[in-house]
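Colleague: I would like to go through the labels on this model. Please set each one against its cut-off.

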Amino acid sequence: MKPAVFLFCLMALSVGGCSWIPRAGPSTSDVLEQGRAGGEILFDVVPVDDRVVNTLIAQPKERFALRFKKDVQPPEVKIAIGDTVSVMIWESAAGGLFSETPPAPAPTGGRSGIEPLAPESRPEGEFGTPRRPTETGRPQEEYRPSAGEPFSTEAIGAAGGRRSATIPDQEVGADGAISVPYAGRVPAAGRLPAEVQQAIEARLAEKALGPQALVIVKKSAVNAVTVLLTESGQVSSVGFGETSIENLVSDLSNPVRAPPALSTGAGVSPNPIQAAPAAGRPAAGRRVPLSPGGDRLLQIIAAAGGAKAPVHETFVRLSRDGTTATIPLEQLVADPAEDLYAQPGDVITLVRTPQTFSVFGATGRNAQIAFDARNITLGEALAKSQGLRDDLAKPEGVFLFRYEPASVLQALDQPVAGGARGGVTPVVYRFDLRDGKTFALAQEFPVHDKDVIFVADAPAAQVYKFFAALNQVTGPIVTGLLTCHYVKC
């Protein structure tokens with residue numbers, strides 16, 4: 001066979017054989033052509049330029065400050081049904097409804113004064129008289145109350161009559177009231193403690209001696225925020241929780257019985273040697289009571305133990321009055337306007353969602369790559385995949401596949417795909433890296449979670465693959481023929 005005929009046959013086979021040569025994905029022309037089929041738009045192919053990048057960057061992000069009413073002042077923590085309330089009442093003088101009558105003075109017997117006792121008749125330990133030694137050989141020390149030690153009501157009563165009374169703790173009833181002796185059922189639900197105090201004082205004004213009341217909310221299940229956490233994005237609160245000191249000492253002293261976990265439902269043990277919680281464990285959480293001065297979202301999260309997952313992987317989901325919104329924890333930390341005052345009944349959920357993107361095609365690394373920061377650009381994504389392969393990649397065939405909301409397509413003046421569902425439509429962004437300006441755009445183009453980046457092969461790469469495959473088949477034959485020719489087999 002003449003060499004020219006043989007070369008022509010090889011070229012014909014190479015052109016016709018490109019369709020069956022293995023490759024990582026569609027060619028550039030395939031992506032452009034497959035966007036439309038039968039007059040219907042399957043996905044939009046958008047060439048990336050300055051206008052596209054600026055439009056994507058300008059898209060509004062989810063914000064707590066926009067979805068929820070921004071309260072400049074903290075919420076008023078009012079008493080609710082089921083709260084545990086303590087009431088104390090004072091009177092201005094002894095001998096009233098809530099005070100004891102002072103004891104009568106002891107008779108003096110007609111003597112004008114009290115003579116001091118002789119030293120030999122004084123009680124031991126009084127006025128400098130030495131005390132008898134104890135069994136240990138040391139003299140007893142005279143008891144003196146410390147500066148911070150409170151006086152008991154019995155001592156006050158003995159001196160001048162007790163003038164206060166403490167009503168046992170009680171829960172606010174279903175009718176929203178509490179019981180106060182001589183005052184009856186006093187409405188408390190929906191009121192501030194100061195308002196309940198005034199109501200009690202008004203009802204006792206004509207019965208007690210200048211009554212003054214103090215209302216303290218000991219426990220409230222309504223004026224609290226629920227903090228939930230997933231197994232992967234945990235809020236850990238290391239402490240004794242519901243375990244008493246007696247039980248803890250008993251458990252530690254018993255070598256057979258294992259000590260209780262010191263975690264309050266977060267699934268994290270304070271001992272790093274202990275095994276991690278089993279996968280699939282249901283979400284845990286805790287209730288954080290609100291303080292009268294108000295607590296912001298970050299303060300509530302800190303009170304619950306804080307997030308244990310990386311900040312760029314943790315998202316905060318706030319549910320309030322039937323509205324739910326989710327923002328990154330990093331955004332909540334960076335923007336003070338997002339750190340709203342927590343409201344009674346709020347539900348805060350910390351969710352760990354690892355952000356990833358996938359890279360396929362003619363790159364140095366085909367893999368699913370995790371974000372190491374909150375925001376990643378296309379330039380950084382390509383760098384993490386070790387860049388384009390200069391022996392295979394087509395620089396003008398770099399594509400990013402994503403589902404975008406219909407509002408983004410309208411801002412880009414692009415039609416919505418016919419198969420769009422759930423308010424989102426498939427979009428393919430095309431980058432021409434033969435243009436040097438595109439590299440600058442790639443450093444601004446944002447990559448989102450679950451984006452797919454594909455780099456198409458160059459046409460010459462298919463010819464190269466064909467000849468490489470052909471060489472695997474014809475190489476041994478040609479080598480054998482040449483060998484036989486020269487050795488005259």
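Modeller: Start with exposure: buried means under 20% relative accessible area, exposed over 50%, and partly exposed in between (1.4 Å probe, protein chains only). This is a predicted model, where local features need pLDDT of at least 70, side-chain atom pairs count only at pLDDT 80 or more, and totals for chains, interfaces and linings use all residues. Residues are numbered from 1 along each chain as its sequence is written, and side-chain values use heavy atoms, with hydrogens and water left out.

Colleague: Why is Glu-62 called partly exposed?

Modeller: Its relative accessible area is 31%. That value falls between 20% and 50%, so the label is partly exposed.

Colleague: What makes the pair Arg-67 and Glu-62 a salt bridge?

Modeller: A salt bridge needs a side-chain nitrogen of Lys or Arg within 4 Å of a carboxyl oxygen of Asp or Glu. Here the N to O distance is 3.0 Å. That is within 4 Å, so the pair counts. Arg-67 is partly exposed, at 39% relative accessibility. The structure holds 15 salt bridges.

Colleague: Why is the pair Asp-335 and Arg-63 said to tie together parts of the chain?

Modeller: Their side chains meet in a salt bridge at 3.5 Å, N to O. Asp-335 lies in the loop between α9 (329-334) and β13 (347-352), and Arg-63 in the loop between α3 (50-57) and α4 (64-67), so the bridge joins parts 272 residues apart in sequence. Helices (H or I, at least four residues) and strands (E, at least two) are DSSP runs, numbered from the N terminus. Asp-335 has a relative accessible area of 24% and is partly exposed. Arg-63, at 27%, is also partly exposed. Arg-63, Asp-335 and Glu-338 are linked in a network of salt bridges.

Colleague: How do you know that Asp-169 forms a salt bridge with Lys-218?

Modeller: The closest N and O atoms are 3.3 Å apart, so the pair meets the 4 Å limit. This pair links distant parts of the chain: Asp-169 sits in strand β5 (residues 164-171) and Lys-218 in strand β8 (residues 212-219), 49 residues apart. Asp-169 is partly exposed, at 44%.

Colleague: Why does Thr-425 count as buried?

Modeller: Its relative accessibility is 0%. That is under 20%, so Thr-425 is buried. Thr-425 is found in strand β18 (residues 424-431).

Colleague: What does the side chain of Thr-425 reach?

Modeller: The backbone nitrogen of Ala-417, at 3.2 Å. Contact means heavy atoms within 4.5 Å. Not counting residues up to four places away in sequence, Thr-425 touches several residues, including Asp-44, Tyr-403 and Ala-420.

Methods
A polar contact is a pair of N or O atoms within 3.5 Å; within protein, one must be able to donate a hydrogen and the other to accept it, and residues adjacent in sequence count only if both atoms are side-chain atoms.
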